[in-house]
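Here is a short note for a colleague opening this model for the first time. Please keep the structure in view while reading the points.

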Amino acid sequence: MNTPPSPPGAERTDGASVRIGALVPLTRPGWVEAGRHLLAGLELAVREANDAGGVGGKTLELVVRDTAADPQKAAAAMEELAHLGVAAVAGEYHSVVARAAATKADALGLPFLCSSAVLDALTEQPTDQVARLAPPQSRGWQLYADFLLGAGHSRIAVAAQPSIYWASGTRILREYLAPRGGTVIELNMSTLTPTAVCDALVDSRATALLLLVGTPDPAVPIVKAVRRDPRLADITMGAPAGQPEFAEWATLLGDDGAAIPFLRYLPERLTALGARVESALHERLAAAPSFVAFEGYDTIAVLAEVLRSHGTDRARTAQAWPHVAVEGTRGKIQFSRTPGISVWQWAGTPIQVVDRDPAKPDRFRIRHTD
């Protein structure tokens, strides 16, 4: 876990600002609404940090790069940002993309604070360069499995697209549910239509269907097909990856999008800072902020404090992760080494299982907590 040397000429020692790179999905096939919320949180925190005096008398400057959910674009952006002299990189939502970014950050000796991605194996080997705010996928999805078991579901179908992320989620669910009497039935969305999914659910006698697929397609057509099939009136649908969190889901599905539980990384009550930030984010987004917006804000809050207290040298930033103690919007943020996780991890990330209330789909119900 040695710190690799920075590329020649990469350290920015003069100029009027301290630059932080930001990786955000802002165009398709990236999850654009998630990217917009993530960027809103990042930008708000930068503005507030600058209002409070910046870093060492210099303003923070966010250098944004669109990943478009493309791992190669993310890796190339990391290279570019390193040579632009950023002090650190923040952000990214998609786990597979963040994995490519984290791997490149480790190779470049470029500190990377990952905001939202949850894939356990964010890097192949342990690294000191990367820290993460979102919980590991195993922790969140095991909590989700507990929720399913508690609701009486033991035969659980997963409609899954090919990806490291979805495959990892399926494996976590299977390994956790099997010794507890649960069965996971895989439905391959490379070959099945929404109508064929409905037939497979009937044949498998599953009582729950998890949507391990992208949104809006094929998630929205699957939901509509299941809701309209009288044979499946009693089936529960779920979306652990959080598709129903965003307004687009309610806009496209209306009442059909309610009562589909998903994972959300918020506490029952925000901190005092969180309540203030929630109001500011609502104004910035012209909509209720998602948990992803809070992740963005907390990312910059941590990086600003690290840069103030440890300076802008990249090696010192990477060495600072275990010493972080920052009051975020969702609790005190501190990083530690978690067994099986290759990056510095916030172990206290709050986790909820929530859904949209059928009586009022723009309102969320908390169904289960960590």
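**Notes on the predicted model**

1. Start at a strand pair. Gly 91 stands opposite Cys 114 of strand 4. Strand 3 (residues 88–91) and strand 4 (residues 112–114) run parallel and are joined by 3 bridges. Helices (H or I, at least four residues) and strands (E, at least two) are DSSP runs, numbered from the N terminus. Strands pair if DSSP finds at least two bridges between them.

2. A word on the source. This is a predicted model, in which local features need pLDDT of at least 70 and side-chain atom pairs count only at pLDDT 80 or more, while totals for chains, interfaces and linings use all residues. Residues are numbered from 1 along each chain as its sequence is written, and side-chain values use heavy atoms, with hydrogens and water left out.

3. Axes here are lines fitted to C-alpha atoms, for helices over the stretch in contact, and angles run from 0 to 180 degrees between N-to-C directions. Contact means heavy atoms within 4.5 Å.

4. Which residues of helix 1 meet helix 10? Among them are Ala 34, Leu 38, Gly 41, Leu 42, Ala 45 and Glu 48. On the helix 10 side, the residues include Val 292, Gly 296, Tyr 297, Ile 300, Ala 304 and Arg 308. The residues of this contact divide into 13 nonpolar, 4 polar and 2 charged. Ala, Val, Leu, Ile, Met, Phe, Trp, Tyr, Cys and Pro count as nonpolar, Asp, Glu, Lys and Arg as charged, and the others, Gly among them, as polar. The axes of helix 1 (residues 32–51) and helix 10 (residues 291–310) come within 7 Å and cross at roughly 35 degrees. The crossing is right-handed (the near helix is turned clockwise from the far one by less than a right angle).

5. Helix 4 (residues 137–150) packs against helix 5 (residues 164–177) at an angle of about 50 degrees, with axes 9 Å apart. That angle makes helix 4 oblique to helix 5. The classes are roughly parallel under 35 degrees, roughly antiparallel over 145, roughly perpendicular from 65 to 115, and oblique for the rest. This crossing is right-handed. The contact includes Trp 141, Ala 145 and Leu 149 of helix 4, with Trp 166, Gly 169, Leu 173 and Tyr 176 among those of helix 5. Its residues are 9 nonpolar, 6 polar and 1 charged.

6. There is also an open sheet of 3 strands, with the order 10-15-16 and antiparallel pairing. Neighbouring strands are turned by 45 degrees against each other on average, direction ignored. Strand 15 (residues 352–357) is joined to strand 16 by 6 bridges. Val 353 stands opposite His 368 in strand 16. Helix 4 packs on this sheet too, touching strand 10, strand 15 and strand 16. Its direction makes about 95 degrees with that of strand 16.

7. Check the backbone exceptions. Most residues other than glycine have a negative phi, and most peptide bonds are trans. Arg 28 and Pro 29 are joined by a cis peptide bond, with omega about 10 degrees. Pro 29 lies in the loop between strand 1 (17–24) and helix 1. Asp 217 to Pro 218 is also cis, with omega near 5 degrees. Pro 218 sits in the loop between strand 8 (208–212) and helix 7 (219–227).

8. Is Ala 68 buried or exposed? Ala 68 is buried, at 4% relative accessibility. Buried means under 20% relative accessible area, exposed over 50%, and partly exposed in between (1.4 Å probe, protein chains only). Ala 68 has a positive phi of about 50 degrees. Ala 286 has a positive phi near 55 degrees, but is exposed, with a relative accessible area of 68%.
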